[in-house]
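Visitor: Please put the model up, and then I will ask about it.

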Amino acid sequence: MHIMEGFLPSPWWQVWFLVSLPFIIIGLYQLNRLVQEKREALPLLAVAGAFVFVLSSLKLPSFNGSCSHPTGTGLGGVLFGPCIAAVLGLIVLVFQAVFLAHGGITTLGANVFSMGIAGPAVAYLIYKAGTRAGVNTYATIFLAAALADLVTYVVTSVQLALAFPGTAGFLGAFSAFAAIFAVTQVPLAIIEGAVIMLVFKYIVQLKPEILTRLDLLSESTIRKLREAAA
Amino acid sequence: MYEMLEDFAQENGLRETSPGLKLFIGISSILLCVSSPAPVAPLLVAASMSAAVLALAHIPARVYARLLLIPVSFAVMSIVVVLFTTGSGAVLFEVPGLPLAVTADGANLALLLLARVFGGMCSLYFIALTTPMAEVFDILRRLRVPAVFIDLAMLTYRFIFILLEEAGQIYRSQVMRLGYGRFRESVRSFGMLAGALFIRTWESGEALVLAMDARCYDGKLGIPGETRPVSFIALAATLLYLGAVFGVSLRTGGLVLV
């Protein structure tokens with residue numbers, strides 16, 4: 001859910017820039033260290049960023065024919081951790097604002113927080129909790145991607161309701177925004193969960209070394225998953 | 001579509017103008033739009049930016065109109081909520097059977113937001129259609145943005161075009177084989193597309209690592225930058241224009257249209 005250029009009035013767009021800033025700084029710091037340790041990380045992160053951009057510029061099949069697109073942020077969070085995903089999110093959002101008119105420059109802070117920070121953080125936490133608890137890997141991925149999408153949309157509704165409480169107050173405005181976006185976002189979250197799950201399945205079947213190199217899955221888990229599929 | 005934007009950025013009427021000046025005009029206009037308390041100044045920005053894009057940069061009017069239509073659906077959805085939740089002042093319109101009403105304040109706020117979004121969009125397209133990304137990266141580097149961030153952004157940018165082409169090919173071949181005929185099939189096909197794309201993406205990333213290593217990549221990408229001086233007249237005109245918009249925004253502060 002992108003907030004458009006010009007939509008957030010003054011104090012709020014500055015506030016969200018300030019909220020997002022520490023995450024971006026930590027992300028840049030981690031990125032610097034990662035690139036110095038492993039030089040090959042930079043091009044791989046770049047293709048992941050481009051992948052998120054391309055995924056979000058394609059239209060998803062949707063129930064109500066509305067123009068909805070996946071965010072892909074859940075995948076970024078699971079693969080690289082929330083802080084580096086925030087930096088990737090920032091880059092992708094700038095390109096989306098300039099090329100697709102999704103989002104904007106002043107609303108960048110708010111959009112980075114909802115899509116680059118809150119979504120990936122939730123996806124990352126769910127993935128960690130799920131693997132520790134030994135839940136089925138595909139079910140964990142589905143949950144992580146779907147909930148990352150849902151959290152993104154809830155955070156966007158909060159951001160809009162804070163900026164435009166109206167006479168109904170914050171809670172009234174929040175429920176109004178949440179209700180109108182739910183029409184497209186709830187089915188979208190479920191579809192995105194399913195799509196990311198399928199992506200993961202293809203990676204396990206065709207190129208599992210990506211996952212072992214990122215320390216996401218051990219080789220024994222992958223062997224088990226491939227045997228189950230065969 | 002996206003290549004088209006970049007093509008226009010590479011060869012438009014304002015190509016030789018200093019990229020710093022163009023960015024400065026675009027971003028200042030956006031800030032003026034957001035801070036304006038009345039819809040007049042943002043509409044003025046929208047009109048002048050559109051005039052600059054059409055008359056100075058020679059972008060075809062049909063292309064520009066199509067670009068402006070992209071964000072409409074996003075804008076409408078959010079503005080409707082603001083229209084109905086901001087309720088004080090005279091009631092202008094009531095939805096029969098539902099506790100929903102449009103009031104004067106709500107209508108004014110919605111109008112203001114619409115004007116700001118429109119002005120902001122025109123300024124964004126002004127930047128996108130006149131300034132190639134490579135020059136933006138050069139400016140970022142001079143502003144001391146961390147090198148690792150700029151390198152990552154440049155590589156991401158490069159890969160977007162390659163991947164879009166590839167995604168388009170996969171998508172078209174799926175459509176030809178009726179891959180998006182029914183809902184279940186479309187989810188499956190889309191997952192297949194995304195999965196195949198991810199793996200191909202990753203492989204091209206690894207190929208890039210090899211290619212860069214072979215050319216002595218040491219963790220830094222060099223980009224040759226050229227500086228184009230800002231002419232005094234251009235700078236004066238820019239400041240005059242921004243000052244005028246700011247003046248209009250101050251003068252129309254208390255004005256409400258409904």
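Visitor: Is B:His58 buried or exposed?

Guide: This is a predicted model, in which local features need pLDDT of at least 70, side-chain atom pairs count only at pLDDT 80 or more, and totals for chains, interfaces and linings use all residues. Residues are numbered from 1 along each chain as its sequence is written, chains are lettered from A and ligands numbered from 1 in the order in which they are written, and side-chain values use heavy atoms, with hydrogens and water left out. Buried means under 20% relative accessible area, exposed over 50%, and partly exposed in between (1.4 Å probe, protein chains only). At 57% relative accessibility, B:His58 is therefore exposed.

Visitor: Where is B:His58 placed?

Guide: B:His58 is not a glycine, yet has a positive phi of about 55 degrees. Helices are DSSP runs of H or I with at least four residues, strands are runs of E with at least two, and both are numbered from the N terminus. The place of B:His58 is in the loop between helix H3 (40-56) and helix H4 (61-69) of chain B.

Visitor: What relative accessibility does B:Arg144 have?

Guide: B:Arg144, also not a glycine, has a positive phi of about 65 degrees. This residue sits in the loop between helix H7 (133-142) and helix H8 (147-176) of chain B. B:Arg144 counts as exposed because its relative accessibility is 76%.

Visitor: How many salt bridges does the rule find across the interface of chain A and chain B?

Guide: In contact (heavy atoms within 4.5 Å) are 76 residues of chain A and 70 residues of chain B. The buried area, meaning the accessible area (1.4 Å probe) that two parts lose on being put together, summed over both, is about 6700 Å², and carbon and sulfur atoms give 85% of that. A salt bridge needs a side-chain nitrogen of Lys or Arg within 4 Å of a carboxyl oxygen of Asp or Glu. Across this interface, the number of salt bridges found is zero.

Visitor: Which helix gives the largest share of the side of chain A that touches chain B?

Guide: Several helices of chain A each supply at least two residues of that side, including helix H1 (12-37), helix H2 (41-57) and helix H7 (169-206). The largest share, 14 residues, comes from H7(A).
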